[in-house]
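Me: Hi! Could you walk me through this protein with a few questions and answers?

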Amino acid sequence: MAYLGDPKQTIEVLNKYRFIFQKKFGQNFLIDTHVLEKIIRSAEITKDDLVLEIGPGIGTMTQYLCENAREVVAVEIDKNLIPILEQDTLTSYDNVTIINEDILKVDINQIVNEKNGGKPIKVVANLPYYITTPIIMGLFEAHVPIDNITVMVQKEVADRMQSGPGSKDYGALSLAVQYYADPYIVANVPPNCFMPRPNVGSAVIRLTLHQDSPVKVKNENLLFRLIRASFNQRRKTLANGLNNSPEISLSKELISEAIEELGVVATIRGEALTLEQFAKLADIIDEKIK
């Protein structure tokens, strides 16, 4: 029976092992059963699922996952947490594998093939704020077979992921996430749901991966270079942003022609373009440089 959602139990485990929170790993453990249950429901975990959990901590979410999924693979970077997981909080479960590794160095495709026959998995995580974007983009760009990613992130980051053109939160992350997935904010989570309390609010966001991307583009690499260049200096016009970017080595004339062909005003900023328009611009430029 999952018990670590109770703050008293969490404190007891931490004291027993004299655990010291590591600031470099951004550790904030969840201590709210309602939020834990909401994450499980939102991720639609069933007994058919293999779940990858990133950063299990002392195993709070892992206990809930083990009780609802067929199998759980939990990847934890902090070696000090491994004895707690292996010798204490997860000993009651025979459907969990614990890996002491940096998730950015793990071959997730290999795990999917070995443990799930290559079929899509579900990912659940309470992500450290400092590494949220590299982890999520790493999962997308590795083209791991994933059904959905349900993660706890900083509220501000969740807002950016689901923002549209013209809003202050709209940027490269919004476009990248929406290219690969449909984002939906499940719940806002206040600081008092964590131990220790973070300085900012959090949110649970579910990213349901597209079966087919909503936009088609001939050169995905060029698309994301254009997006990054457009938002690196978001106060500049789209043309100036692309001209000034070290990632885009194209002539001013070619850039101007491509923007004109896109059918937008020459003074438009990147933050006004939709994902579809960025994809079309990438295709126009791709055609011109061939």
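**Salt bridges and a pocket**

Glu257 counts as partly exposed, at 43% relative accessibility, where buried means under 20% relative accessible area, exposed over 50% and partly exposed in between, with a 1.4 Å probe and protein chains only. This is a predicted model, in which local features need pLDDT of at least 70, side-chain atom pairs count only at pLDDT 80 or more, and totals for chains, interfaces and linings use all residues. Residues are numbered from 1 along each chain as its sequence is written, and side-chain values use heavy atoms, with hydrogens and water left out.

Me: Which residue forms a salt bridge with Glu257?

Reply: A salt bridge is a side-chain nitrogen of Lys or Arg within 4 Å of a carboxyl oxygen of Asp or Glu. For Glu257 the closest N and O atoms of the pair are 3.5 Å apart. Glu257 lies in helix α11 and its partner in helix α12, so the pair ties together parts that are 31 residues apart in sequence; helices are DSSP runs (H or I, at least four residues) and strands are too (E, at least two), numbered from the N terminus. The partner is Lys288.

Me: Is Glu71 buried or exposed?

Reply: Glu71 forms a salt bridge with Arg70, the closest N and O atoms being 3.9 Å apart. Arg70 is partly exposed, at 32%. Glu71 has a relative accessibility of 17%, so Glu71 counts as buried.

Me: Which residues are joined with Glu71 into one network?

Reply: Lys115 also forms a salt bridge with Glu71, with the closest N and O atoms 3.1 Å apart. Lys115 sits in helix α5 and Glu71 in strand β3, so this pair ties together parts 44 residues apart in sequence. Through salt bridges that share partners, Glu71 is joined with Arg70 and Lys115.

Me: Which element gives the most to the lining of the largest pocket?

Reply: A pocket is an open set of points on a 1 Å grid over the protein atoms alone, where a 1.4 Å probe fits, with protein on both sides within 12 Å along at least five of seven lines; lining residues have an atom within 4 Å of a point. The largest pocket holds about 740 Å³ of space. Its lining has 42 residues, and Phe25 and Pro128 are among the closest to its centre. With 3 residues, the element giving the most is β5.

Notes
Points joined across faces, edges and corners; volume = space filled by probe spheres on them.
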